[in-house]
Every structure is written in structure tokens, then in C-alpha cells.
Amino acid sequence: MSSLSVDVYPKRRKTYTWLFFLLPSIAIMLVFFIYPILLTFFYSFTNLALTGEAARELKFIGLDNYTRMFQDPTVRISIWNTLVFLIGSAVIGQQVLGFLIALLMKQRNKTFRRVIGTIVLAGWVTPEIVCALCLYSFFGDEGTLNAIITFFGFSEVTWLFTVPMLTIILANIWHGTAFSMLVFQAALDDVPNEIEEAAVVDGASKWKIFTRIIIPYIKSTITTNMMLVTLQTLGVFGLIYAMTGGGPGNSTTTLPIFMYNQAFVNYQLGYGTAISLLLLLIGIVLSLLYIRSMKE
Amino acid sequence: MKSGKRGIWLVTTALLSVSLLFGCTGGKGTPADTGDPEPGKDGETAKKIITVTFRDDGIGENGAFYKWLKEVSASYPDKSVEIKPTPIQASEGDYFAKVALALKSKDTAPDIVTEDTFILNSDASAGYLEPLDDKLAGWEDWGNGSFIEAMKKGVTASDGKVYGVPYNTDSRGLWYNKDIFKQAGLPEDWQPKNWEEVLNAARTIKEKAPDVVPIWMNMGKATGEATSMQTYEMLLYGTGERLFDDASGKWITKSQGILDALTFVETVNKEKLGPPLSKVLNGQAGNTASREYLPQGKLAISLDGSWITGNYMETGAAPWPEYKDVLGFAPMPTSQGQEPGSITLAGGWALSIPSNSKNKDEAWEFIKYALGKENTQKLVMSSGNITVRADVAKDPEYTKMPFNEIATEYLQNAEFRPAQEKYPEVSTQIQTMVESVATGTSPADAMNKYAQDVTRIVGADHIVEK
């Protein structure tokens, strides 16, 4: 393929043109992405602070922020919470639920698809903070959910206090499932009907068609979606901050919340940047794992 | 033809990318709204703009400080300057971060900023604030006893210099609902002598008025500094212990006083004398207690600040005209009733001049005018705070406001938080410690965790165990 294109177009000219056309995006990437990352990397080795003596003079403190991070028990709790939140709301919640909805909607009539699709999309188009306020009032002590269950004679439950992790997981599922649904819908529509029909003629059961044809056919979509949803969920901040503020205690303190607390509540920007790099690292490791699983 | 089209595309792309890169450079040409003299309109002479940054807790132009600033700037005699309010709408915690960010740069620093005495020392160490000693030396009011001497401690940083002029302060104590006390058979003129008497009153209320929350103290991380100061430090200082040992310059990380203070919190929760945890570990806990539970008669005793009556005024967030008769304000006793008998922590706010301000002299002139006797009095009376000026404290109009006299009296034994730049960080560890005890951790375990965290923050050379 590539040798063919080289033959058709003069080689030298092509090299220069692609570089030229990429220039704006490379510039933007450098200024808004690479430069901040390098800066973050640099600051994570300093005592950068928002106020106090350290704010007057920036000092290079070597690996202090990192050793502190590995000694800090709250970091371990935050990593654990981040993983629970990630697996609960992204990997299981959005991915599986999104897939199920897409599968159930496959080859249904248009009205059905439109109505259900719109309802699911509502959660996705709602801005994160609005979504957080809606669900806060849903799970709140005097909220909708308690109004419903007390109507049926059950006693009130302090959802945000007794099961805080569950509430933010459900909130994130509600907010993000539509994305996975859309991705899977597109993928499932691409599975050729002929193959399915041929399988039916050969006497394959529905389960066999599902596991032997549909899943292998959309495998790369599953991996890509998994990666996108994971990266989105790793960075969720507003939703959790507005609903529980990371509490009660540290029970919903994920890494972004912990990072915010260190940087803007304790004013330790240097330490905060070190935590943000840990978050970046987790994102990279997970992405690599997904990409690798795609190749197999 | 084809190559001509391509040429146009190339030129357009090049132009676009160049303009994008220009967009990335800082917009130096735009006038900043931070005090540069603006050219006068319609040929008027240029006015200097003095910006004043303060916290807007969400009520905007109806806020007491905002209204006061408008009024004072309208009457300000020097018409060559214009006073411009530049409020920051934020929660208390976010306000400090936003102010610190604004003070860092010449482009964003205001000319006058309201500083909580709790963060003043940190901002001063960071070099954000201008020392005012030279200016104060020339101000008659500062030297002639018009300001309560003890209040100057709150605006003096660890380097011994003064970084702000205080405009209000507060004291803390036990607010109680006399109606509930009467119903429970407790004295309406309540003066507990030690902690046991406070707990006993709460126990009696739990028994006689089961629907009422006996005692409310902020105990969560979410309530931030309120947990550290109104609850923990009021208790700790009442045991005779302190957070920071001034003599050795070290933080006290383990002591019987810490254990006693935490045991009080534990007792309140174990015996269910406090509010439900879902209410108190919430960022809104302070408002829930002062604006809902207390006025609605659902709370008997509240360990809180003198300012909560600001809510009950006609212009406040929860108007409650009967508060004068229903509420009582008892001093918080020391743990065993030891000397001095009762304890209060004092905080308060000050006006400071940022180092990055471009109009320091004009800002100082305005501060002198705004914090003179008359104007300070207007501010503290409209916001329900306590004055830092001795002459205002004697004014009959001020003393006739309910609780003002008594709250000012408590200031005699007032203690201040350590003027240490690490205090804000230590304070978050206090909140974590108190919340963990409230949710069931033993006081000893919580103290050990606190000791570890504080050691990490201030360094092993700066701690002492007692």
C-alpha cells in the first residue's frame, strides 16, 4: 500500500506538505499539552506552594514529594477508591450497561430506538455539575429516592452517608452510559446480517451467535471504548466533589479529589502535581494494557 | 489552476497558524482592571481605581460587606480615586486559594484585600502582603488605644511585623435555647463550670426532650476551619494545652490535653448527644445548625461563634426576631473548671495591602478612612460581628445590640491560633482527626495518626510530645 503511494506522488514534496499541514496541530500540542506536562513533571520535584514561606522561593526538593506520596496512607486509600470507582462505574457500569442497551435496541423499530436513545442520552448531554446536583437531590436525606421509599413504608436511608461510593458510581453510570451505547450501536450495526443469517441457517443458537460472531466482530470496539471510558472516568472530579466532597471521611476520595485537596486546600501545589503524575501513570498503564489485549 | 488553489490553501493555513500562535502569547495590550488609571471619559480627569477584594458568600450585592463598602466609598472625601469592589464568590476554603492566586501576579492583585487572620501569616511569609508598620506609626488611632491591644496580635505575623488592620473579631461559646432548657428543667441562666456539667445538661435534654439534638459541634472535615477552631481548639485550649509550644517553637503532637479533647468528642457521639453524622459531616453543617436547627427549636446547645446572630437580623439569612429572648450565650468552661474558668478562641478579619498593588498609598488612605471609628462600627453592627476597636466597644449603640457586650467580654481570655505558616496544613490534620473520632476511631489511635501527619508536615525537629 505504502509503496504504491510513493510511486504515484513525488516523495520529497509529500514529506514537506504533511509536515506543513500538521504544523498548527503540532504547535497547539506543544503549547497546551507537552509544555504543561513537562512543567508538571518539573514542579513535582519542587516545594511549589500557594502560600507560606515556600511560595516565596521555589526549591528543588528531589524525590520528597514522591517518598511522601508512598508513605501517605491516604494515597493508598485514594488509589483503591479510584479503582473501585473505575471498575464499578466505567468497566462494569457504563461498558456493560451501554452494550446491553445497544444490543437490545439492535434491529428494533425506529420509534423505539429514538425514545430509548433520547432518554439515555439525556444523562450524557447534561453538564457534569448539573448532573451532580440532580443526583445529589435524588440521593439527599430529603431527596426523591427517600420520598419514594418512605411512601412505600420503608424508613429513610442516608444514601450519601451510608453508601457514598455506590451513589457516585450510580451517578457516573447515569451520566456516562450513553457514550458507550452510541459506540456499541455503531459497531453492532456494522455486524453484517448475512453472517448472522448464515449462522442461523447452520443451526447456531442465539448464545452461540452472540459469543462466536458478535463479540469477536466488535472486539476492537470493546477495547477502544474500554480505554476511552477508563480515561474519562479516571479524571472525574466535579461529579464526586459536588456530591460528597470526597467524604464522609475518605470514603469517596479518589485521586483527583485528593490531588485537589493537597493543591488547593493544603496549598501544596508541588505535592499536588506529583499526585497528578501518578494519575497520569495509572492512565498510561491501563491504556497500554488495553492496547496490548487488542493485539492478541 | 490546481496549483493556484493549493497556494491559496497554503497561505490561509499559514495565516491561521500564525494567528493561533499569537493567541498564545499573553494579552499584554489589554488594560487590566486592577488599578491602572483609566483614561477619563468625556474629557474628565483620570481617576485612580482602588480595587477591594473580599468574599461574597453567594448573596452578591446584598452582602453586609458589599453594602458597607458602597456606603463608605460614596462618602469617601477624596474624589480623585474610585473604590471598586471586586468580590470573589467562593466558599471560605476556596476564597483563600483564589486570593493567593490573585496576589501572586501584578496583573491580578487588588489594592486592598480582606484577609482572615488564620491565613494572614502564611500570605505574609509568602511575600504577598505589604508590612504596614511604617504606615501605622503615622496613624493616630493605632497608637492611642483606639484599637483593643490584644487584637493586634491577630494581625502580627511570625516576623513581628503587622500585615493588616483588623476590622472585626469573634468569640466562641455555648449558644443555648432557653425554651428547651426550661422544658427540660435546666436553669435559663446557664453557666456550666466544667465539661461534665455541659455533658450533663446534654444528657438531661436527651432524656427530657428526645426530639431535640442536645449539643451540636462541627466535627467534619467538610466544615473545615470551623471544626478546628470552634470545636477542637475550644476544647484543647480548655484543658490548658496548646497546639504550638511558643517557648520551644514546636508543635505539640501528643499530650493528655489532646486525648481529653478527643474524648469529649467521643463521648458526645457514643452517647448520641450530638446531631446525626450525616448532617454534621457535611459542608453545610454550620448553616444547618445556625440557620435551621437552632431557630426551629430542634437544637438545645450549639458550640459556635458569636457571629451566628448575624443570620437572625432582618437582613440576615434566617431572620428570627425572637432570638434575643430565646437564645442564651454561655462561656465555654475549662475542662475541670480550672483557671481562667472559661476559654474562647478569637479570629477575625483584616484589611491588607498586597505587595503587588500598584496604588499602595491611596489604598492605605482609604483603609484609614474605612476603619475609623464610625465606619468600623457600621460594619460590625450590620454583620453581627464583634469590634476590634475599644471606642466602638464603649458606644451605647453597639452595646445595646443583643449579646455584643457579653461576646466582647469573653475576649478577655481570648486565645489566638498559632501565627505559624504551617497552621493551615496542621488544621486540616485536626479536622481529619476529629472526624475520625466522631466516626468511631479511638482518641488514642486518632492522636497517633495526627502525630504522624503533623510530623510529616512540619518535620521531626519541630514537634514535641508531652
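Across the interface of chain A and chain B, 15 residue pairs are in polar contact, with both residues of each pair at pLDDT 80 or more. The model is a predicted one.

On the side of chain A that touches chain B, the elements giving two or more residues are helix H2 (11–43), helix H3 (53–56) and helix H15 (255–265) of chain A. H2(A) gives the most, with 8 residues. By class, this side of chain A has 20 nonpolar, 7 polar and 7 charged residues.

The rule also finds 3 salt bridges across the interface of chain A and chain B. One of them joins the side chains of A:Asp141 and B:Lys279, at 3.4 Å from N to O.

How many residues does each chain bring to the contact? Chain A supplies 34 residues and chain B supplies 36 residues. The size of an interface is often given as the accessible area lost when the parts come together. Here the area buried between chain A and chain B is about 2800 Å². Carbon and sulfur atoms give 57% of that area. In chain A, the residues that lose the most area to chain B are A:Leu50, A:Phe161 and A:Tyr267. Together these three account for 18% of what the chain A side buries.

| Helix pair | Residues | Angle | Axes |
|---|---|---|---|
| H13(A) and H16(A) | 219–234 and 269–295 | about 175° | 9 Å apart |
| H6(A) and H10(A) | 110–125 and 164–190 | roughly 140° | within 5 Å |

Take H13(A) and H16(A), which pack at an angle of about 175°. That angle makes H13(A) roughly antiparallel to H16(A), because angles over 145 degrees count as such. Residues of H13(A) in the contact include A:Lys219, A:Thr223, A:Met227 and A:Leu231. Among those they meet in H16(A) are A:Leu279, A:Ile282, A:Leu286 and A:Tyr290. By class, the contact of H13(A) with H16(A) has 10 nonpolar, 7 polar and 1 charged residues.

Now H6(A) and H10(A), whose axes cross at roughly 140°. H6(A) and H10(A) are therefore oblique to each other. The contact is made by A:Arg113, A:Gly117, A:Val120, A:Leu121, A:Gly123 and A:Trp124 on the H6(A) side. From H10(A) the partners include A:Trp174, A:His175, A:Phe179, A:Leu182 and A:Asp189. By class, the contact of H6(A) with H10(A) has 8 nonpolar, 6 polar and 2 charged residues.

Note on methods: Residues numbered from 1 in each chain as written. Chains lettered and ligands numbered in written order. Predicted model: local features only at pLDDT ≥ 70, side-chain atom pairs only at ≥ 80, totals over all residues. Heavy atoms only, no water. Contact = heavy atoms within 4.5 Å. Buried area = accessible area lost by both parts, 1.4 Å probe. Salt bridge = Lys/Arg side-chain N within 4 Å of Asp/Glu carboxyl O. Polar contact = N/O pair within 3.5 Å; in protein donor to acceptor, adjacent residues only side chain to side chain. Helix = DSSP H or I, 4+ residues; strand = E, 2+ residues; numbered from the N terminus. Nonpolar A, V, L, I, M, F, W, Y, C, P; charged D, E, K, R; others polar. Axes fitted to C-alpha atoms, helices over the stretch in contact; angles between N-to-C directions. Parallel < 35°, antiparallel > 145°, perpendicular 65-115°, else oblique.
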